[in-house]
Amino acid sequence: MRTFDIVDNGGDLWYNFDMNNVRSVPNENNDDGIIISSASNVFYLCGYDCGGDGTIVSSNGKTVLFTDRRYTEEAARRVNAGVEVKDGGLPEIAAFFRENGAKRISFEAEAVSCAEYTRLKDAISGVELVPTLGAVEKLRAVKSSRELARIADAQKITDKVFEEILPLIKEGITEYELAAKLEYAIRSKGAELAFDSIVAFGTNGSSPHAHRSAAVLKKGDLVTMDFGAKLDGYCSDMTRTVACGYVNDAQRSAYGAVLEVNTLCVAKIRAGMTCREADSLARERLKIHGLDGYFVHSLGHGVGIDIHEAPYLSQRSDEVLTEGNVVTVEPGVYLEGLFGIRIEDMVVVKDGCCIDLTGSDKDLIIL
Ligand code: ZN
Ligand code: ZN
């Protein structure tokens with residue numbers, strides 16, 4: 001199969017070099033060119049984040065990042081080997097394909113809106129546009145050693161933030177305040193937020209993705225914190241649930257069950273297992289505790305440039321886990337009107353095992 005090849009040399013600021021890391025986008029339709037519009041895929045292929053205002057085009061062995069003057073100077077210094085940076089938009093993109101004699105071009109169906117498609121079609125009339133799905137996302141699901149190192153470094157920051165934040169979790173603090181402190185701690189370590197942190201106290205915790213509020217922490221509340229640092233373009237993701245003051249029997253036993261499931265899945269997940277099997281592992285073990293009905297989401301998701309990316313550990317996925325996948329393992333139980341508990345680690349899938357990148361303590365912490 002033909003491919004569109006880009007050599008990732010790391011750029012001069014973003015990476016330590018690891019030469020000959022060729023990123024080959026499969027050219028399944030044997031087209032004459034490809035347009036990459038997804039911001040995350042642009043970053044993955046060229047090593048530079050144009051904040052959504054960049055397009056990679058490749059044809060006839062040439063690859064160009066078209067962006068605008070806000071980015072061209074910095075981009076030229078940082079992009080991977082083999083990528084040329086040019087100031088331009090649709091007319092220049094059309095000219096690029098014309099110059100290279102391209103007649104059939106792949107485009108990312110999920111990254112192009114209907115309006116953008118119409119504009120593209122008008123700009124490069126006479127050229128056939130062929131939709132592709134997930135070509136780059138499939139590559140991104142398997143991480144290189146350098147990507148793994150970055151994700152691990154992002155998680156180290158997340159672990160450090162958790163350690164620093166624990167003494168601040170006291171009766172009287174609000175969800176807003178705790179979230180702000182968490183996010184300040186992440187940013188002050190030179191990282192970005194991988195996503196808007198979730199901080200939920202007491203009954204708010206029964207919504208897995210609760211929005212933070214002015215709720216005040218009181219004794220007997222569980223505190224769910226789901227957060228992650230993003231470092232050099234790569235995310236980390238962790239959830240810990242801790243208790244304020246004391247726990248009741250129901251909270252303690254549910255916590256024990258979720259921890260058991262988390263530990264079991266981290267011990268069992270390996271390359272060759274299907275995503276559905278991984279999810280079932282968690283569901284079946286929670287069933288033994290009579291809690292499977294309260295596990296209202298899937299077991300986990302891939303993490304990388306995006307906080308949620310392939311593969312997805314769910315009942316709906318036949319995908320097989322492969323070495324180099326980074327996935328979360330996040331069993332949880334959510335009892336409406338009472339509490340929620342989630343324990344989320346991030347692991348690297350290997351042959352025969354997985355490696356837990358999360359260093360934070362998982363035993364029940366009562367503050
Ligand atoms: Zn999370
Ligand atoms: Zn997650």
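Trainee: In which loop is Asp232 found, and between which strands?

Mentor: Asp232 is found in the loop between β12 (229–231) and β13 (234–235), where helices (H or I, at least four residues) and strands (E, at least two) are DSSP runs numbered from the N terminus. This is a predicted model, in which local features need pLDDT of at least 70 and side-chain atom pairs count only at pLDDT 80 or more, while totals for chains, interfaces and linings use all residues. Residues are numbered from 1 along each chain as its sequence is written, chains are lettered from A and ligands numbered from 1 in the order in which they are written, and side-chain values use heavy atoms, with hydrogens and water left out.

Asp232 has a positive phi of about 50 degrees although it is not a glycine, and at 37% relative accessibility it counts as partly exposed; buried means under 20% relative accessible area, exposed over 50% and partly exposed in between (1.4 Å probe, protein chains only). Another positive phi, near 55 degrees, belongs to Asn60, likewise a residue other than glycine, which lies in the loop between β4 and β5 and is exposed, with a relative accessible area of 54%. A further backbone feature is the cis peptide bond from Ala310 to Pro311, with omega near 0 degrees, and Pro311 is found in strand β16 (residues 309–313).

Turning to the metal site, the zinc ion (ligand 2) has Asp237 (OD), His301 (NE2), Glu330 (OE) and Glu344 (OE) as its protein donors, lying 2.1 to 2.2 Å from it; donors are N, O and S atoms within 2.8 Å of the metal (3.2 Å for Na, K and Ca), and since water is not among the atoms, sites may look incomplete. In sequence these donor residues are spaced D-x63-H-x28-E-x13-E. The four donor atoms subtend angles of 78 to 147 degrees around the zinc ion (ligand 2), which makes the arrangement irregular. The zinc ion (ligand 1) is 3.0 Å from the zinc ion (ligand 2), and Asp237 coordinates both. His301 in strand β15 (residues 300–302) and Glu344 in the loop between β19 (339–342) and β20 (345–350) are 43 residues apart, so this pair links distant parts of the chain, and both residues are buried.

Cys354 is in no disulfide either, the nearest cysteine sulfur, that of Cys353, being 6.7 Å away. With a disulfide taken as a pair of cysteine sulfur atoms within 2.5 Å, a search of the whole structure finds zero disulfides.

The aromatic rings complete the account. Rings of Phe, Tyr and Trp (its six-membered ring) pair if their centres lie within 6.5 Å, with planes under 30 degrees apart counted as stacked, over 60 as edge-to-face and the rest as tilted, and by this rule the count comes to five aromatic pairs. The rings of Tyr48 and Tyr71 have their centres 6.4 Å apart and their planes at 70 degrees, so they are edge-to-face. Tyr48 lies in the loop between α1 (39–46) and β4 (55–59) and Tyr71 in helix α2 (residues 69–78), 23 residues apart. Tyr48 is buried at 1% relative accessible area, and Tyr71 is buried at 18%. Phe66 and Phe96 also form an edge-to-face pair, because their ring centres are 6.5 Å apart and their planes stand at 80 degrees. Since Phe66 lies in strand β5 (residues 62–67) and Phe96 in helix α3 (residues 90–99), this pair ties together parts that are 30 residues apart in sequence. Together with Phe97, Phe66 and Phe96 form one aromatic cluster.

Methods. Tetrahedral: all angles 85-135°; square planar, octahedral: opposite > 155°, others 65-115°.
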